[in-house]
Amino acid sequence: MEIKYFAFLKYLIRFNRQVYLDHNATTPVSSHVRSKMDRALKDHYGNPSSFYGIGRKSAELLDEAHQHVANAIHVDLSEIHFTACATESNNAVLKSVAAHFYPKKKKIVSTPIEHPSVMNTLAYLETQGVIVEYCSVDDKGRVRLAELEKLIDDDTFLVCCMSANNETGVIQDLKAVTKIARKHGALVLTDCVQALGKIPIDLHAWDVDYASFSAHKLYGPKGIGALYIKQGSPFTPLLHGGHQESGLRAGTESMHNIIGFGAACQDVDKLLAHSKQVAALKQQLIQQLKEIKPDCVINSPETESECLPNTLSVTFPGVENAGLMGMLDFRGIAVSAGSACSTGEDTPSHVLKAVGLSDQAARETIRFSLGRDTSASDIHYVTRVIRDYIEGRISFVNMLAPAQLNENILFDEKTFILDVRPGDDRKKFKGLPNSHQVNPLRVENYLKQLPRDKNILVYCPGGGLSMMISYYLKSKGFKKITNLRGGLDSWRKRRSDLYEKYAGQNVTILEPDKVN
Ligand code: PLP
């Protein structure tokens, strides 16, 4: 009896663990930040623009928060402006600087590994006539400075280069980038979202004009960002309205979030002091992964000074990341394949492609991003699950090769076909006959409608997203789950005869379950 009890306890400890290794996507809010925010919500609700006591108190706290952020990056408090998020900060700078210079000067030079909040804003500016050129990066994601030097010319008004990348962790030599930009009088914007709290930042020493930040990457709240504007650098507000943030960002200040951001920045020194331990755990992870799969490829720079201490991008040849991530999720482990923003899409990450990975290698890549509470036993647990998966000791989802998906299966009464494709793919291609469409990002809202006595055949465009959802359904007790390998794309190509004949027939759109 006792032995059984301990075995059960061991099972619970082993398989009911939560390990969060996705700190580059977001971080938990620290207790220090939470307590400051609680206090702000409870006591400091005054509008900082009001002149009576409770308003003046908020204004004082607002100044303090500016000071805490400014201290963390070694700038003057007047150079910090709160925004709603780093996406807003990046948008505001790119659009404002373009409006200031264009059409006198026409060119922005950037890199192909920027965050979508930069990439998509640049794409928009291109539609307005701005010329955008991208300086290539090497296989570790380092900007090729000699090429940058050639691209920047007297027509260039802005150079935009992130200080550290969210997917590979590569750190750029910002001082060198700025030096080149200055030769032609170009301004510099750097996205510091991933750098803050992980590596020392000294914006005056880097000599950049603009920098963006986000609280939720350093144990602060979501929905609050900051923008550094060097004194004298041109800037026109994105939002017009009140005089808040020195007239550069209108809108009543989100005081609890701002106070939370300030508190998070007060902890930056502690985070930096702890980064050696985080880096040591990352080394432990690398070593164990190399033992499990000697042919795994480390995409992150292995030189300490060139990579964020917490970030590791690894390709596991022959192992689709969707299946591995699904299994890790099933075991309570959160990691990411590309950036969080691209979850739900089956397209390989633009960052991994820019560092030279093939589409297939990108689909075999996982990003681990450790945090300040990650422990050695977390790493041990994660690598044990990965070992079991890679060595074939655990596999809960059946795979169906596209060529095997024939009329017998398509019209089998005991098979329930679940379409988890994103909406844009549904617009482009008709679905499998007899399939049931659900919102892939809200599968939990359809569980009551999925039959437990049938084989559920899950499919998406490329076979990745459906794999993750298959594991999710397994975790919810669905016994017979099959994933269509290569997704609808492969099946359409392999069985174009069946696609032409049956696609789109008898498709049901499921409504989300009613909440009681
Ligand atoms: N820049 C980088 C490098 C990021 O990693 C992120 C978030 O993932 C952002 C910008 C966007 O930040 P926010 O969520 O505050 O808009």
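# Chatting through a predicted model

Student: Which residues does V278 touch, not counting those up to four places away in sequence?
Tutor: V278 touches P309, N310, L370, G371 and R372. Keep in mind that this is a predicted model.

Student: Where is V278 placed?
Tutor: V278 sits in helix α10, which covers residues 268-292.

Student: Is V278 buried or exposed?
Tutor: Buried. Its relative accessibility is 8%, and the cut-off for buried is under 20%.

Student: How far is V278 from S375?
Tutor: Their C-alpha atoms are separated by 8.7 Å. Along the chain, V278 and S375 are 97 residues apart.

Student: How confident is the prediction? What is the mean pLDDT of the chain?
Tutor: The mean is 93. Of the residues in the chain, 94% reach 70 or more.

Student: And where is the pLDDT below 50?
Tutor: Over residues 339-344. That stretch has eight contacts in the model, beyond near neighbours in sequence.

Student: New topic: T311. Where is T311 found?
Tutor: T311 is in strand β10, residues 311-315.

Student: Buried or exposed, that T311?
Tutor: T311 is buried, and its relative accessible area is 0%.

Student: What does T311 touch, leaving out residues up to four places away in sequence?
Tutor: The list is N24, N166, E167, T168, G169, K282, S300, R367 and F368.

Student: On to helices. At what angle do α11 and α17 pack?
Tutor: About 25°. Helix α11 spans residues 321-330, helix α17 spans residues 465-475, and their axes are 8 Å apart.

Student: So is α11 roughly parallel or roughly antiparallel to α17?
Tutor: Roughly parallel. Angles under 35 degrees count that way.

Student: Left-handed or right-handed, the crossing of α11 and α17?
Tutor: The crossing of α11 and α17 is right-handed.

Student: Which residues meet there, α11 to α17?
Tutor: From α11, they are A322, G323, M325, G326, M327 and F330. From α17, they are M467, M468, Y471, K474 and S475.

Student: How many residues of α11 are buried?
Tutor: Eight of its 10 residues are buried, so α11 is largely enclosed by the rest of the structure. The buried ones are N321, A322, G323, L324, M325, G326, M327 and L328.

Student: What covers the buried residues of α11?
Tutor: The cover includes β11 (333-334), α13 (359-362), β12 (365-369), α14 and α17.

Student: And how many residues of α17 are buried?
Tutor: Eight of its 11 residues, so to say α17 is mostly covered is a matter of the buried cut-off, under 20% relative accessible area. The buried residues are L465, S466, M467, I469, S470, Y471, L473 and K474.

Student: What do the buried residues of α17 pack against?
Tutor: They pack against α11, α14 (376-390), β13 (398-400), β14 (415-419), β16 (455-459) and β17 (481-484).

Student: Which residue just after α11 takes a positive phi?
Tutor: G332, at about 80°. Just after α17, G477 takes a positive phi of about 90°.

Student: Another pair. At what angle do α2 and α9 pack?
Tutor: About 150°, with their axes 8 Å apart. Helix α2 runs over residues 31-43 and helix α9 over residues 255-266. That makes α2 roughly antiparallel to α9.

Student: Which residues make the contact of α2 and α9?
Tutor: On α2, it is H32, V33, K36, M37, A40 and L41. On α9, it is H256, N257, I259, G260, A263, A264 and Q266. The crossing of α2 and α9 is right-handed.

Student: What about S214? Where is S214 found?
Tutor: In strand β7, residues 210-214. S214 counts as buried, at 5% relative accessibility. Leaving aside neighbours within four places in sequence, S214 is in contact with A86, V193, I224, G225 and F261.

Student: Last one. How far apart in space are A59 and P48?
Tutor: They are 4.3 Å apart, C-alpha to C-alpha, and 11 residues apart in sequence. A59 lies in helix α3, residues 53-73. A59 is partly exposed, with a relative accessible area of 23%.

How values were computed
Residues are numbered from 1 along each chain as its sequence is written. This is a predicted model: local features need pLDDT of at least 70, side-chain atom pairs count only at pLDDT 80 or more; totals for chains, interfaces and linings use all residues. Side-chain values use heavy atoms; hydrogens and water are left out. Helices (H or I, at least four residues) and strands (E, at least two) are DSSP runs, numbered from the N terminus. Buried means under 20% relative accessible area, exposed over 50%, partly exposed in between (1.4 Å probe, protein chains only). Contact means heavy atoms within 4.5 Å. pLDDT is the predictor's confidence in each residue, from 0 to 100. Axes are lines fitted to C-alpha atoms, for helices over the stretch in contact, and angles run from 0 to 180 degrees between N-to-C directions. Angles under 35 degrees count as roughly parallel, over 145 as roughly antiparallel, 65 to 115 as roughly perpendicular and the rest as oblique. A crossing is left-handed if the near helix is turned anticlockwise from the far one by less than a right angle, and right-handed if clockwise.
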